[in-house]
Amino acid sequence: MSNPPFGFGFPDPDKRPDDESSGSGGQSGSGADPFQQLGQMLSQLGQMFSQAGSSSGPVNYDLAKQIALQRLGSEGQMGFTAGDRTGEGAVRDSARLAELWLDEATILPAGASVTAAWTARDWIDKTLPTWQRLCDPVAKQVSGAWMQALPEEAKQAAGPLLSMVGQMGGMAFGSQLGNALAGLASEVLTSTDVGLPLGPESTSALLPKNIEKFTEGLERPASEVLVFLAAREAAHQRLFTHIPWLRQRLLATVEEFASGITVDTSALEQLAGQMDPANPASIEQVMSSGLLEPQTTPEQKAALGRLETLLALVEGWVDVVVADATGDRLPGAEALRETLRRRRATGGPAEQTFATLVGLELRPRRMRAASALWKLVGDRHGMESRDKLWTHPDLLPTADDLDDPIGFAERLGDTGALGEGIDPIAELERTERAERAKDQSGGQGARTDDSGSAGDDEGKDRSDKGQDDKGGEDGEDGEDGEDGGVAGREPGDA
């Protein structure tokens, strides 16, 4: 069974073999007592309904958490015991060493105030609030499509049963989410392994048990792998902690994509004709057939492009910074770097999770392009200039820049935006004002807002704007209301 987008499948039927094997006298599934099977099905259904009232909203997250923890089983152990060091001690030591090395590779200070070693069960518990934020828009759209597709006569006839339908949808979504998170929790290596800030703020977390499994077959010491992954986690936390807009922008872009999901309700009639209510297996087969997969809208494609670019820039920056920090200190750093790249390219946790939960598929090739761009900018303009580009989202490279990193690096040098003593926010403000001046020149007359203007005609031009500025004083510093109150220099400043 393929992984359909979140909410488009019924609960995982993995329990069926157990039910069949536990039939009367160890007989095969076909010879089991049908009344016993019916009793087991009703018992499981009763358990699910008992959970329905404990969670409000389009997804039953209590059920999702319960299913995920049940599937994990013994994988909730800590693992990674090396000599006299426990998993917690190894993680703390590795994180401390990684932070020292990163101090020399970036101007961003340490971002994690807490370093933790998580089990897979801990990961479920700590990241579920963020998954709830990301999955709610999808579930609302899908459940809304079901309700809208019902004829008015059916809605009136159903009456109170409609609320039960909503509860069943919430349980179905919760079951799908629980199965997906259980699979992911057994694979992720750090709290930021999928590229998003899923865990609590300023918390650096590694999963020693999963790292132990990942290390098998790499022919590298476990301690070396742990330090390398600790450096990646710490680099992510430096970005998410000290770049205030980044965390919100990433999560909001995923929400924007998810909220735009639409379902072709015309397929419901075809779906109903293929279902056999007496055969649950047929229902599951139809639900996973793709008839109800969401249709991508132009708005979603735009949001997806922005998300791909931003995630690529984050992952590319982390890749370059960690390579600079560990390259001369860990003999296997380059091999580990390439291993993680291939892991992502062959369908790592990020791609699988996005495809299952919100129908998102990421293109790993953008990360390599972003890594090449950050490396080039750092080599030409220095570490400080490279990291200052994170100051504001409008200073970051665009998707077109990822295709032409050399051109982007050359433009930075030509404009002088990265010169010593130049404030990138002031330069951004200057550019925005110049663009607005061009837009207004057709209707209100040209404004002399160019950076080379001496301010001679400034008072005349500003009088056309009414109350935008006071008196047109040459070179006046102040706040530009159109920039949201960001203080900066006027274009006439020396």
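Analyst: Start with helix α9: 17 of its 21 residues are buried, so the rest of the structure largely encloses this helix. Buried means under 20% relative accessible area, exposed over 50%, partly exposed in between, with a 1.4 Å probe and protein chains only. Helices (H or I, at least four residues) and strands (E, at least two) are DSSP runs, numbered from the N terminus. This is a predicted model: local features need pLDDT of at least 70, side-chain atom pairs count only at pLDDT 80 or more, and totals for chains, interfaces and linings use all residues. Residues are numbered from 1 along each chain as its sequence is written, and side-chain values use heavy atoms, with hydrogens and water left out.

User: What span should the 21 residues of helix α9 have?

Analyst: The expected span is 1.5 Å times one less than the number of residues. For α9 (residues 222-242) that gives 30 Å, and the end C-alpha atoms are 30 Å apart, in agreement. Helix α10 (residues 244-259) has 16 residues and reaches 24 Å, close to the expected 22 Å.

User: Which residues of α10 are buried?

Analyst: They are Trp-245, Leu-246, Arg-247, Leu-250, Leu-251, Thr-253, Val-254, Phe-257 and Ala-258. In the protein chain as a whole, buried residues make up 46% of the 494 residues. That chain has 21 helices and 4 strands.

User: How many salt bridges does the structure hold?

Analyst: First the general idea. Side chains of opposite charge can pair when their charged atoms come close. The criterion is a side-chain nitrogen of Lys or Arg within 4 Å of a carboxyl oxygen of Asp or Glu. The structure holds 22 salt bridges. One of them joins Arg-133 and Glu-255, at 3.0 Å from N to O. Arg-133 lies in helix α5 (residues 120-149) and Glu-255 in helix α10, so the pair ties together parts 122 residues apart in sequence.

User: What is the relative accessible area of Arg-133, and of Glu-255?

Analyst: Arg-133 has 28% and is partly exposed. Glu-255 has 21% and is also partly exposed.

User: Which residue forms a salt bridge with Asp-319?

Analyst: Arg-337 does, with the closest N and O atoms 2.8 Å apart. Asp-319 is in helix α13 (residues 298-326) and Arg-337 in helix α14 (residues 333-345), 18 residues apart. Both are buried; for Arg-337 the relative accessible area is 15%.

User: How do I read a pair within one helix?

Analyst: An α-helix has 3.6 residues a turn, so residues three or four places apart point the same way. Glu-334 and Arg-337 both lie in α14, 3 residues apart, about one turn of the helix. Their side chains meet in a salt bridge at 3.5 Å, N to O. Glu-334 is partly exposed, at 49% relative accessibility. A network of salt bridges links Asp-319, Glu-334, Arg-337, Glu-338, Arg-341, Arg-342 and Arg-368.

User: Which residues touch the most other members of the largest nonpolar core?

Analyst: Such a core is a set of buried Ala, Val, Leu, Ile, Met, Phe, Trp, Tyr and Cys residues joined through side-chain atoms within 4.5 Å. Here the largest has 90 residues, and Trp-123, Leu-246, Trp-317, Trp-374 and Trp-390 touch the most other members. Helix α13 gives the most to this core, with 12 residues.

User: What is Trp-390 in contact with?

Analyst: Contact means heavy atoms within 4.5 Å. Leaving aside neighbours within four places in sequence, the partners of Trp-390 include Leu-239, Trp-245, Leu-246, Trp-317 and Trp-374.
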